[in-house]
Amino acid sequence: MSAWLLPDHIADVLPSEARHIEELRRDLLDTARAYGYELVMPPLLEYLTSLLSGASQALNLQTFKLVDQLSGRSMGLRADTTPQVARIDAHLLNRRGVARLCYCGPVVHTRPASAHATREPMQFGAEIYGHAGAEADLEILELALDCLQSARLPAHTLDLADARIVSALLESEGAVPLGAEIKEEIHAALATKDVPTLSGLVRGLPGLSVAARQGLLALPGMYGDAKVLDEAARVLPSLPAVGQALTGLRWLARNLGEARAGVSVGFDLADLRGYGYYSGMRFAIYAEGVSDALLRGGRYDEVGAVFGRKRPAVGFSLDLKTLVGAVPARALRAAIRAPWPGDEPTASSLRAAIARLRTQGETVVCVLPGHESEVDEFHCDRELVENAGAWGVRPIASQLHTV
């Protein structure tokens, strides 16, 4: 086997793509900061007892495990940053009021999320802690849309859902509490709209009412425009949590529509993809050419409970490596080509001219001796030349302009 081969779904990021990813990272963090979000940087590596506390089986399976050579304890490489940010909010910040936090860094997955996905996503996310009202849900949705606008994403679709609907049906009066494994199987069948499998699963649930069973089986077909909410109100059992969820979704759609002309808002009430910590409103944003959701988020009020401080929370995350393939490539900022200063009498003045241009924000590429004929990776459109004892910048093969 060649020494340069990498594992499946692991890849180097080469200069042009790396530059684009870094530009996107800066734009997204600047957008979050404009909303008042503070940047945090959780560690890539943690003890498993903290990293997977309260985590779903899906997150557990996605986590690489190893043994700490210093303590002998089991550690893991994070597969998702949200639980870590919940720990920071609960124990390190410990604020009584609202906390707005954002992050951007690599996560590592044992398996790719899809056939063409990387196992080392660059995860960006933003989260609000401390406000249980729908206002926080609306803010996080608006921030998510503004982040994608800053990335220059073309037409995209926002799908809304609410985890309380499925929970209310499964926990309706008379239903026997379910184990985590059967619950995840039901969620998976709903997410993939696998009605035959779903039917077999709910048929065997003890104590589940006929109305709740019929409601669960109807959910895979409840996707589309606002008429979906009317259908849900007509077909689903009249449970308080179901009514609250549908009212909340109507409110969010109405406020998004009023604030953002042209936003395509839809609903998919069976969408339960992602990790199982969601407890309320959920959303996903889809873009043309991307097989799965480009961005996912929602409310997860239970995440901090395992750290001893249950706080209302809502947020979202996306993978920059996926995003970079969905947005138009950005033009490379042209640079200035300069000769190597060397030991010539004019070297000090040339170095001063190069330094002055760099402090002005210009990219100045010095041509090393003997490499004058090599490919110009920065597509330099200007050059630094000497004229009458002074260094100046001129368009390549054009007239001189003094620095």
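Is C366 buried or exposed? C366 is buried, with a relative accessible area of 19%; buried means under 20% relative accessible area, exposed over 50%, and partly exposed in between, with a 1.4 Å probe and protein chains only. The views below take up this residue and several other sites.

This is a predicted model, in which local features need pLDDT of at least 70 and side-chain atom pairs count only at pLDDT 80 or more, while totals for chains, interfaces and linings use all residues. Residues are numbered from 1 along each chain as its sequence is written, and side-chain values use heavy atoms, with hydrogens and water left out.

View 1. Along its principal axes the C-alpha trace spans about 90 × 55 × 50 Å. There are 13 helices and 17 strands, where helices (H or I, at least four residues) and strands (E, at least two) are DSSP runs numbered from the N terminus. Of the 403 residues, 44% are buried. The accessible surface comes to about 20500 Å², and 54% of this belongs to carbon and sulfur atoms; the areas come from the Shrake-Rupley method with a 1.4 Å probe, and for residues only the protein chains shown count as cover. Among contacts (heavy atoms within 4.5 Å) between residues at least 6 apart in sequence, 67% join residues at least 24 apart.

**View 2. The largest pocket.** The volume of the largest pocket is about 1400 Å³. Of the 48 residues that line this pocket, H109, A113, A117, D292 and T322 lie nearest its centre. The elements giving two or more residues to the lining are α3 (57-61), β11 (295-299), β12 (313-319) and α12 (320-323). The largest share, five residues, comes from β12. Domain 1 and domain 2 each give at least three residues to the lining. By class, the lining has 23 nonpolar, 16 polar and nine charged residues; Ala, Val, Leu, Ile, Met, Phe, Trp, Tyr, Cys and Pro count as nonpolar, Asp, Glu, Lys and Arg as charged, and the others, Gly among them, as polar. On a 1 Å grid over the protein atoms alone, a pocket is an open set of points with protein on both sides within 12 Å along at least five of seven lines, a cavity is a set where a 1.4 Å probe fits but cannot get out, and lining residues have an atom within 4 Å of a point. Grid points are joined across faces, edges and corners, and a volume is the space filled by probe spheres set on the points.

**View 3. The largest cavity.** The structure holds one cavity of 30 Å³ or more. The largest cavity has a volume of about 60 Å³. Its lining consists of D159, L160, A161, D271, Y278, R282, F283, A284, R296 and G297. At least two lining residues come from each of β7, β10 (281-287) and β11. The classes are five nonpolar, one polar and four charged residues.

View 4. C366 lies in strand β14 (residues 364-367). Apart from neighbours within four places in sequence, C366 is in contact with A338, P339, W340, I354 and R358. The C-alpha atoms of C366 and D146, 220 residues apart along the chain, are separated by 38 Å. A335 is in the loop between α12 and β13 (336-339) and is buried, with a relative accessible area of 0%. Beyond four places in sequence, A335 contacts T363, V365, F378, H379, C380, D381 and R382.

**View 5. H20 in helix α1.** H20 is found in helix α1 (residues 15-34). At a relative accessible area of 7%, H20 is buried. Leaving aside neighbours within four places in sequence, its contacts are V324, V327, P328, A329 and R330.

View 6. R152, in the loop between α5 (134-150) and β7 (156-162), is a residue other than glycine with a phi near 65 degrees. R152 counts as exposed, at 51% relative accessibility. K193 is not a glycine either, and its phi is about 55 degrees. K193 lies in the loop between α7 (180-191) and α8 (195-203) and is partly exposed, with a relative accessible area of 28%.

Terms used
Domain bounds come from an automatic or database domain assignment.
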